[in-house]
Amino acid sequence: MSLQRPNRVLITGVSNPLGAEVARRLAPQVPYLFGCDMKDPISALEEMDFVHADTRHVAIGKLVRQLNVDTIVHLAVMVDSPRDERSIHETNVIGMMNVLAGCSAPSGRVRRLIVKSSQAIYGAGPGDPSFFSEEMTNVERQASSVTRDLLDMEQLVTEFALRNESSKVSVLRLGYRVSEDTTLARYLSLPIVPTFAGFDPRLQLLHEDDAAEAIVRAVMGGPAGVFNVAAGGVVLLSQAIAIMGGSPAPILPPYGRWIGRLALRALTRVEVQAHLADVIAFGSVMDCSRLEAEFGWKPAHSSRAVMDGLARGKVLEVIEAPSPPQEYELQVYLQRRRRNGRNGQRTASMLEAHK
Amino acid sequence: MIQAKSPKQRRKDSTRAEIVKPKSGPRLAKSVKRLQQQAPLLAFQGLSELSVRLRQLTGRDVIDLNRVMEFAQFMYKQRELAVRGPNYEVDDFGFDPQWTESFISVFMVLYRDYWRVETTGVENVPATGRALLVSNHAGVLPWDGTMIKTAVFAEHSHPRHVRALVASLFMGMPMLSWFLRRTGQTSGHPDDTRRLLERDELVLVFPEGVRGTGKSFKDRYQLRRFGRGGFVATAIRSGAPIIPVSVVGSEEIYPMVADLAPVAKFFGLPYFPITPFWPWLGPLGLIPLPSKWHIRFHSPIHVEEHPPEAADDNNLVMALSDQVRDTIQQGIYDNLKLRRGVFL
């Protein structure tokens, strides 16, 4: 089994909170850890080599080969992002393509690929089954742009997995998360929450810790395949709003989703994407039995607990800021000194990219 | 014994108690408050005395105290629901049992007093474990589903909630989708049926679907095609017995004389009914007629005796589907013979 253990791991999109958490958890478990993203990481990690790199650029393939990694954790996938559709498409589809180009055989040495996907791939609609299992992506409906991008991305991954049998590929479809900065959390935290009149859907959420844990478990010898990852149980939208201390206002029109989205933006300045608007109207719940069976693990927090946690966080008012600049400089200094002591030649070029 | 939690851990896990502020504003006198608290009780006492007097005067029950109690119970349940806030659990399908049970007295009024439903064979419904109820579907609005649910909950020795499967069309409608999900219904996807049966629930299906509810009055009590027998295959796969249910009386609640197909198409509905009262009388046309109902639960057809592979045997599935259809049709004819008139 020692062959299966990851040796050199690259995390793309390491600067988003989930990426940072995954890196923090992986750092003590893998010998070599690399991270790349466009912006600076939130907190510097001594064990990780950070590279400024854009997955949308072809150079990422070169980077993968040069770093000689055997495991890639691809987290540079935008689902809940305020950016425009075009840049989301570039990141999700073109970014995935570039990363796959770096891994592809025969010259590639990547044996393990973990891709972050999202529950948004299923969309939401009235004719859907109550639970989505992994095969139910091809529902006939006009898909929103994010859903389409994710479908394209997973198509690429599936093709790659078919062609390169030597590499194990896992796709994790993470449920909707409600940490402070996601759209869904901002929507639910409003004092008066406009909802679509006459709808009270079921919501299924995922705790940040569970998301990171699932990815780490996948890296450390998880099985290959596509997996739904989401918390057990559901909360109703009205219940979630009440837990957050707001009150629902069923004022958005039940038909014509885009009118509702415009009204929501005008009233509350929360920009809800098309796929999320469908979820707020019809709800979307995944069946995570495959994850439980093959990972032998299930998320520790239920949907209800996730919502309670968010409500508690709102009351406590988090005052902890991302690590102050001095500390960041110190970390970088320590990292450089440690590296130079070990093998200065190799990492010097890498740190050039850092500056 | 090992201590389950250390005090430190317990402190860490504990949440802070909610601080309840006393209400501000003018205070009522204590005597008024006491009177306010005792008002419902005093009202009951007064009402019961009145009922006794009236009985002595007229010689029969003018005020039925049982009904009054039911009404009071309903009001109390609604109040209880109002104060529970978000502190309740729904199952994965969005079913809220407490909320559903609070409405049972409303449906009981319809069941007992309006349609005077006579239910037979309810003992054929198992007290525990999975089963698939298969019924004929009629009436423009699915009142037959609510009556079957009420029958099992009110008449069975082990009150159970029946989980009906509804067309996905209704799941996209505002209000209706919310109400149906909350009271335990799900969309009629084969996957949902399987999941519900695997959780040992009592599932109700209408294989006729909208073909049954949308048929005109002259075709009443003639069963439509039973889908493609998908319900039999699902029952075999999940090892659930099929219990055919015949409902008589539901055809006459809205006598549909015509169907305006173009209007239905415009609104995205399966049919647009014309009855003697709808749409001429507006919302009053939605009031169903008080026909006399009979519901019969037939003895179970044990399809679970077949191995799960038999579900792929089309011949067997269609034969079983026909057997269920014939049983229901026969039950309808038998009950029609029992009935003295449509409204008697």
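Let's start with strand S6 of chain A, residues 168-174: 5 bridges join it to S11(A), and the two run parallel. By strand or helix I mean a DSSP run, numbered from the N terminus, with at least two residues (E) for a strand and at least four (H or I) for a helix. Strands pair if DSSP finds at least two bridges between them.

Before going on, a word on what we're looking at. This is a predicted model, where local features need pLDDT of at least 70, side-chain atom pairs count only at pLDDT 80 or more, and totals for chains, interfaces and linings use all residues. Residues are numbered from 1 along each chain as its sequence is written, while chains are lettered from A and ligands numbered from 1 in the order in which they are written.

Okay, back to those two strands. A:Val171 stands opposite A:Val226 in S11(A), and A:Ser170 stands opposite A:Gly225 there. S11(A) is mostly covered, with 4 of its 5 residues buried. Buried here has a cut-off: 20 or more other C-beta atoms within 10 Å of the residue's own, with 12 or fewer for exposed, partly exposed in between, and the C-beta atoms placed from the backbone.

What order do the strands have? In chain A, the open sheet of 7 strands goes S3-S2-S1-S4-S5-S6-S11, with parallel pairing. Its edge strands are S3 (48-52) and S11 (225-229) of chain A, each pairing on one side only. From one strand to the next, the twist averages 20 degrees. For angles, we take N-to-C directions and run from 0 to 180 degrees; axes are lines fitted to C-alpha atoms, for helices over the stretch in contact.

Two helices to point out on this sheet. Helix H1 of chain A, residues 17-26, packs on the sheet and touches S1 (8-12), S2 (32-37), S3 and S4 (71-74) of chain A; its direction makes about 165 degrees with that of S1(A). Helix H2 of chain A, residues 59-67, packs on the sheet too, touching S1, S2, S3 and S4 of chain A, at about 160 degrees to the direction of S1(A). When I say two residues are in contact, their C-beta atoms, placed from the backbone, lie within 7 Å.

H2(A) also has a helix partner. Two packed helices are described by the angle between their axes and the distance between the axes. H2(A) and helix H3 of chain A, residues 85-103, pack at about 35 degrees, with axes 7 Å apart. Who meets whom? From H2(A) we have A:Ile60, A:Gly61, A:Val64 and A:Arg65, and they meet A:Asn98, A:Val99, A:Ala101, A:Gly102 and A:Cys103 in H3(A). That contact divides into 5 nonpolar, 3 polar and 1 charged. In this scheme Ala, Val, Leu, Ile, Met, Phe, Trp, Tyr, Cys and Pro are nonpolar, Asp, Glu, Lys and Arg are charged, and the others, Gly among them, are polar.

Over to chain B, which has 13 helices and 9 strands. Of its 344 residues, 33% count as buried. Its C-alpha atoms fill a box of roughly 75 × 70 × 45 Å, taken along the principal axes.

Is helix H11(B) enclosed or open? With 8 of its 9 residues buried, H11(B) is largely enclosed by the rest of the structure. Among the buried ones are B:Phe231, B:Val232 and B:Ile236. The cover includes S2 (131-135), H9, S5 (202-205), S6 (242-248) and H13 (314-338) of chain B.

H9(B) and H11(B), residues 230-238, pack at about 35 degrees with axes 10 Å apart. The residues making that contact include B:Leu197 of H9(B) and B:Thr234 of H11(B).
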